[in-house]
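I opened the notebook on a structure that was new to me and wrote down what I looked up, entry by entry.

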Amino acid sequence: MSRLMRGARPFSTVASALLTDAAATATRSVRQPSTFQVFRDVPELRQLRRQLLRNDRTMGFVPTMGALHEGHLALIREAAQENTDVFVSIYVNPTQFGVNEDLSSYPRTWDSDVAKLEKLNEELSRSTAGTGRITAIFAPTSKVMYPSLPPSSEIDGHGSFVTITPLAKKLEGVSRPVFFRGVATVCMKLFNATTPDRVYFGQKDVQQTVIIKRMVKDFLMDTEVRVVPTAREKDGLALSSRNVYLGSRRRTVGLTIYKALSAAVDAYQAGKTSREGILGAARVIAERVLSEQRALAPSERALFEIDYISLADPESLEEIDVVDTQKGAVLSTAFKMAPLEQTNPGEDCGLGDGKVPVRLIDNFILQPRE
Ligand SMILES: Nc1ncnc2c1ncn2[C@@H]1O[C@H](COP(=O)(O)OP(=O)(O)OP(=O)(O)O)[C@@H](O)[C@H]1O
Ligand SMILES: CC(C)(CO)[C@@H](O)C(=O)[O-]
Ligand code: BAL
């Protein structure tokens, strides 16, 4: 049976509608996907979803903001292990970016995203029986996602929002006060549009996973939340769409985020349970690297700010003084990599020539010991 369901527009038709929105900037050169459909609006997507339900098929949903990398693909592989069909959304959601954040510079790579998803579907079709496939990409316009009012990123802005407090006010929420309101709101809309059996999120954004689990529980939503381990570069740096802005100097220094957290994990594994014993190990490393960088010339250094280093309860995200070893804890941190002050001829400064500030986050779960 053809994969093109009645009412769903094939990609070539959809492409012409893509010109105005974030997910697609260079549609004319997009290769037409052959193994999944691209949807720009909800009714056609729902039609496909209803058809899957009538055929007893299961659907795993992977929300993304595009600029796909191996971390996203790991979520999709996991979803394909557990469901017959995988829906992926690509939508750079404006309401989760504060007014002074990096919405305009957030990487948008529609063509290569589509190519990666097609390649992944080929891989999935070669793998063992029982594996599902990507069936649909949902790349809505902002008018579809925010049909009544233009999306607001103002703290007091109007709109229909989902707020999950106090979780949303902690950690990332201190620096990004509208972030989790935007994430919860867009995920509620995406889940309503797709009605997934399971949803897949990356461990890298640990606070997001806690908030989405809370939203699903508190709003009695009929889906299961799966969390997939953080995909890393060989040296440990967590993959992130924003890494393309780092360039080699900031990337080398940015790896400190991983080294600092790893030292804290080692301290826990060596038997330490106190806040000072665990976070102290991370701070020593981060502060040493920072003072080394400060001592260098502007043409050689990469400065950063440590936004927070946190040891928190895995469910409430309240800061803790001692790890309850039956419960474990979340160890997390955020660094703000400042723009390079001075660059050198021929230097790899990353996309944006080293001028784009880059927020790096990472975390480890300190597993229960007993
Ligand atoms: N390294 C990773 N390993 C596993 N999952 C990841 C990784 N990076 C992102 N994800 C997950 O992919 C999903 C979509 O994330 P998103 O599109 O924002 O990418 P991102 O790399 O997190 O971008 P950025 O951090 O630059 O905002 C989220 O559930 C996120 O946690
Ligand atoms: C979940 C999400 C796609 C919502 O926009 C985003 O926060 C992300 O990519 O992690
Ligand atoms: N993955 C988190 C999306 C954001 O930083 O906006």
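Entry one, a helix pair. Helix α7 (residues 179-194) and helix α8 (residues 206-218) pack at about 50°, and their axes are 10 Å apart; axes are lines fitted to C-alpha atoms, for helices over the stretch in contact, and angles run from 0 to 180 degrees between N-to-C directions. Helices (H or I, at least four residues) and strands (E, at least two) are DSSP runs, numbered from the N terminus.

Before going on I noted that this is a predicted model, in which local features need pLDDT of at least 70 and side-chain atom pairs count only at pLDDT 80 or more, while totals for chains, interfaces and linings use all residues. Residues are numbered from 1 along each chain as its sequence is written, and chains are lettered from A and ligands numbered from 1 in the order in which they are written.

Entry two, the contact itself. On the α7 side I listed Phe180, Val183, Ala184, Cys187 and Met188, which meet Gln208, Ile211, Ile212 and Met215 in α8; contact here requires C-beta atoms, placed from the backbone, within 7 Å. By class, this contact has 8 nonpolar, 1 polar and no charged residues, where Ala, Val, Leu, Ile, Met, Phe, Trp, Tyr, Cys and Pro count as nonpolar, Asp, Glu, Lys and Arg as charged, and the others, Gly among them, as polar.

Entry three, a sheet. I traced an open sheet of 3 strands in the order β7-β8-β9, with antiparallel pairing, two strands being paired if DSSP finds at least two bridges between them. β7 (304-312) and β9 (358-366) each have a single partner strand and stand at the edges, so one side of each is left without a neighbour in the sheet. Neighbouring strands are turned by 10° against each other on average, direction ignored. Helix α9 (residues 247-254) packs on this sheet, where I found it touching β7, β8 and β9, and its direction makes about 150° with that of β8.

Entry four, the ligand. Which residues are closest to ligand 1? Of the 18 residues that surround it, the closest are Gly71, Gly202, Leu239, Ser241 and Arg242, a residue being near if its C-beta atom, placed from the backbone, lies within 6 Å. α3 gives the most to this shell, with 4 residues.

Conventions:
Contact = placed C-beta atoms within 7 Å.
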